[in-house]
Amino acid sequence: MIKRILPEELTLGMYIESAVFEKGTKRTADFVDNVLVDSIKKLKKYQEKGVLRYLFINTDKFVEIKEEDLKPEEEVPVVEKVEEYKPPEPEEVVPVPFKEELAVAVEVKNEAHNAVKSFMEDLKLGKEIDTEVVKNQATDMVDSVLRNDNALTSLTRLKSFDEYTFTHCVNVSILVTTFAKRLGFNRQRLERLATGALLHDVGKVKIPDEILNKPGRFTPEERKIVQDHPTFGREILEKNPLIEEDSIRLAHEHHERLDGKGYPQGLLEKELYMDSNIISICDVYDALTSKRVYKPGFPLPKALQIIMEKAGTEFKRNLVEKLIKIVGVYPVGSLVEMNSGEFAVVSELNEEDLLNPWVIIITDWRKKFVPEPETVCLGTISAGGKEIAQYHDPNILGIDPNKFLTE
Ligand SMILES: [Fe+2]
């Protein structure tokens with residue numbers, strides 16, 4: 001079987017059929033296809049950063065190579081660089097305040113939603129995905145997150161019940177991008193993650209709606225079909241040469257878990273693509289907090305608790321901790337009720353003390369809106385002992401928290 005892999009996944013004994021080069025590098029005459037990686041020198045050469053983008057290996061020609069079988073180091077075909085490969089310099093992104101970015105973020109989110117909707121519908125009609133549209137959406141999302149990562153993230157809490165699959169893909173993409181930014185990833189990796197997240201559930205187009213939206217339990221046959229959606233996703237995406245393997249891997253592995261109990265492949269942590277667990281966490285977080293025909297959405301703190309219980313088994317602990325830092329125990333845009341009875345909207349996180357963010361008090365204790373909402377930092381003297389008593393779902397109460405954030 002021919003398999004596309006990333007250079008860093010190459011191991012001794014693999015048989016390379018061909019390769020795809022990174023932009024800015026060229027194939028020299030002495031670079032050969034159909035080569036068995038039978039020495040450390042060859043292995044290192046083909047793994048060299050910034051030269052090859054993908055390798056196509058023939059798994060049927062794999063040869064078990066033991067250390068003692070290694071030949072003395074010999075000259076290997078050289079892949080010459082045109083010039084030292086440098087990833088494109090990211091343009092300066094100037095950070096902007098939350099309120100300023102929010103208006104742009106609303107547009108970005110709507111356009112991403114439309115893009116997902118249209119490629120999902122195209123696929124159902126047997127048409128190709130317009131890769132350029134998807135990639136442009138990913139770039140817009142990355143730009144917005146780089147300018148201010150709270151703006152787009154705050155919009156993930158406004159759930160559209162009707163178009164769950166599209167909204168979910170967009171929300172996961174926003175969360176994944178924010179995650180990646182906070183982890184300090186470069187722009188290229190951010191864009192690949194955003195693209196992979198937008199596309200992660202494409203395989204669902206092959207699952208009948210009556211199974212996808214079934215309110216009750218799945219039969220074993222139905223569960224099998226549902227659990228095949230990541231594989232369907234890979235099959236769809238692989239047909240499109242413009243979609244990078246990184247993004248395909250993210251789509252294929254988003255239901256895998258560190259302990260090997262995920263699906264469809266039951267991969268173990270060491271076999272997972274490096275960023276797959278990020279998308280898994282964001283996928284679960286958004287799914288838990290979303291309302292579906294068969295379940296209400298969990299309140300955010302409850303969803304975080306469920307995810308925290310899986311830290312170390314299904315999810316990487318450091319990533320779970322990061323998620324809590326990103327969305328906060330009470331994320332920006334959350335509607336909360338104070339111990340004094342007032343309603344408030346969380347306006348800014350306090351990274352030192354996630355239980356005590358900045359809030360805008362929007363009602364009095366009788367739940368009547370106040371004409372001039374006041375912003376206070378909980379846990380300080382000026383908050384006068386006010387604490388968050390409970391979290392409320394703004395969708396149920398019909399309050400749009402973002403209205404208070406922009407005012
Ligand atoms: Fe999925």
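Reply: Start with Cys 282: leaving out residues up to four places away in sequence, Cys 282 touches Val 172, Leu 175, Val 176 and Phe 179. Touching here means that the C-beta atoms, placed from the backbone, lie within 7 Å. By the way, this is a predicted model, where local features need pLDDT of at least 70, side-chain atom pairs count only at pLDDT 80 or more, and totals for chains, interfaces and linings use all residues. Numbering runs from 1 along each chain as its sequence is written.

Now zoom out. Cys 282 is among the residues with the most contacts inside the largest nonpolar core, which has 72 residues; Met 141, Val 176 and Ala 194 are also among them. Such a core is a set of buried Ala, Val, Leu, Ile, Met, Phe, Trp, Tyr and Cys residues joined through C-beta atoms within 7 Å. Buried means 20 or more other C-beta atoms within 10 Å of a residue's own. Helix α5 (residues 164-182) gives the most to this core, with 9 residues; a helix is a DSSP run of H or I, at least four residues, numbered from the N terminus. Domain 2 (98-327) and domain 3 (335-406) both contribute, so the core lies between them; those bounds come from an automatic or database domain assignment. There's also a second, separate core of 9 residues, including Met 14 and Tyr 46.

Next, peek at Val 142, in helix α3 (residues 131-147). Val 142 counts as buried because it has 26 C-beta neighbours inside 10 Å. Among its contacts beyond four places in sequence are Thr 177, Leu 190 and Ala 194. Arg 187 touches Val 142 too: the two are 45 residues apart in sequence, yet 7.6 Å apart in space, C-alpha to C-alpha.

Definitions and conventions: A residue is buried if 20 or more other C-beta atoms lie within 10 Å of its own, exposed if 12 or fewer, and partly exposed in between; C-beta atoms are placed from the backbone. Helices (H or I, at least four residues) and strands (E, at least two) are DSSP runs, numbered from the N terminus. Two residues are in contact if their C-beta atoms, placed from the backbone, lie within 7 Å.
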